[in-house]
Amino acid sequence: MEVFCSISWTHSISPRLHIPHSFSGGETNRFRVICSAAQSPKANLMTVSVTGATGFIGTRLVQRLHADNHKVCVLTRSKSKAETIFPVKNFPGIVIAEEAGWKDCIEGSNAVVNLAGMPISTRWSPEIKKEIKESRIRVTSKVVDLINSSPQGVRPTVLVSATAVGYYGTSETRVFDENSPSGNDYLAEVCREWEGTALKVDKDVRLALIRIGVVLGKDGGALAKMIPLFMMFAGGPLGSGQQWFSWIHLDDIVNLIYEALSNPSYKGVINGTAPNPVRLSEMCNQLGNVLGRPSWLPVPDFALKAVLGEGASVVLEGQKVVPAKAKELGFPFKYPYVKDALKSILS
């Protein structure tokens, strides 16, 4: 591109401009500058379709994408619910599509984020357990089919699909990274099938599978359920307190997903957990400190089971998961320590 400029000499002329040697200080001149066209700020903008967009992580991710001027398609089963969470006056330009419109959204997207699934921190009945698994498989399967059937020119090139650290099963002694084998309990089975469905996406689509830990944030997730119990029982550990708690701050999991959308190095399995998992007793001590409450009377197993039924196993049994891949990729955790994470959430 040739640009004709009228410019006065200063000491801060950009080094990207080639200034002819005959150009002398103090004079104003008219000369030809050959420069590379600056990349348009729009060049790196994406169109991203998101399932589970009205959930705890999805809501924050959509807010972040929208704030950075990316185009977002919210793939939902309830347009009315999505419209209350993302009102048009606050989120101009967001497309909200019920299932019949998912195909058009996905075909117009650079990337898809798949976060859909019934929350697991709830009372488990046989029906709920069936829905926990089927909700994840059903949506993931639909998303993969729509990506695979998209014409080559309009097919998304990236799928970031959620899974969970439940993949590894539970242990008080073992340490799990992305290469560790799967466990043999119910949640491990759910995660294997969930990931297996995502892995059916075409090989020319970059797939990042994020095994997410316990997400800590305001107004939702595990913390919202733990705090009332914690307050009721004078802030003691839940169960034995020896179980591992592999957590991540909401901001960090959103940033990790966001990075996976645009960074080609983010592929395969990536643990979405903070680099410093803690035993639940330490988590509760830190929570007590931040809330200004003692942490001495354990919350008994029966109280948790009364609230969560079989779902209490998510809290009563844990696993020590480390984010080896994220650290290798140089991902910058904003909250590597649970104390700082809790302070930022509850102060």
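Axes here are lines fitted to C-alpha atoms, for helices over the stretch in contact, and angles run from 0 to 180 degrees between N-to-C directions. Helices (H or I, at least four residues) and strands (E, at least two) are DSSP runs, numbered from the N terminus.

This is a predicted model, where local features need pLDDT of at least 70, side-chain atom pairs count only at pLDDT 80 or more, and totals for chains, interfaces and linings use all residues. Residues are numbered from 1 along each chain as its sequence is written, and side-chain values use heavy atoms, with hydrogens and water left out.

Now the sheet. Seven strands form an open sheet in the order S5-S4-S3-S6-S7-S9-S14, with parallel pairing; two strands pair if DSSP finds at least two bridges between them. At the edges are S5 (95-97) and S14 (268-272), each pairing on one side only. From one strand to the next, the twist averages 20 degrees.

Next, a helix on that sheet. H4 (residues 126-148) packs there and touches S3 (47-51), S6 (111-114) and S7 (158-164), contact meaning heavy atoms within 4.5 Å. The direction of H4 makes about 170 degrees with that of S6.

What is the angle between H4 and helix H5? H4 and H5 (residues 186-198) pack at about 10 degrees, with their axes 8 Å apart. H4 is therefore roughly parallel to H5; the classes are under 35 degrees for roughly parallel, over 145 for roughly antiparallel, 65 to 115 for roughly perpendicular, and oblique for the rest. Residues in this contact include Ile-132 and Arg-136 of H4, and Glu-189 and Trp-194 of H5.
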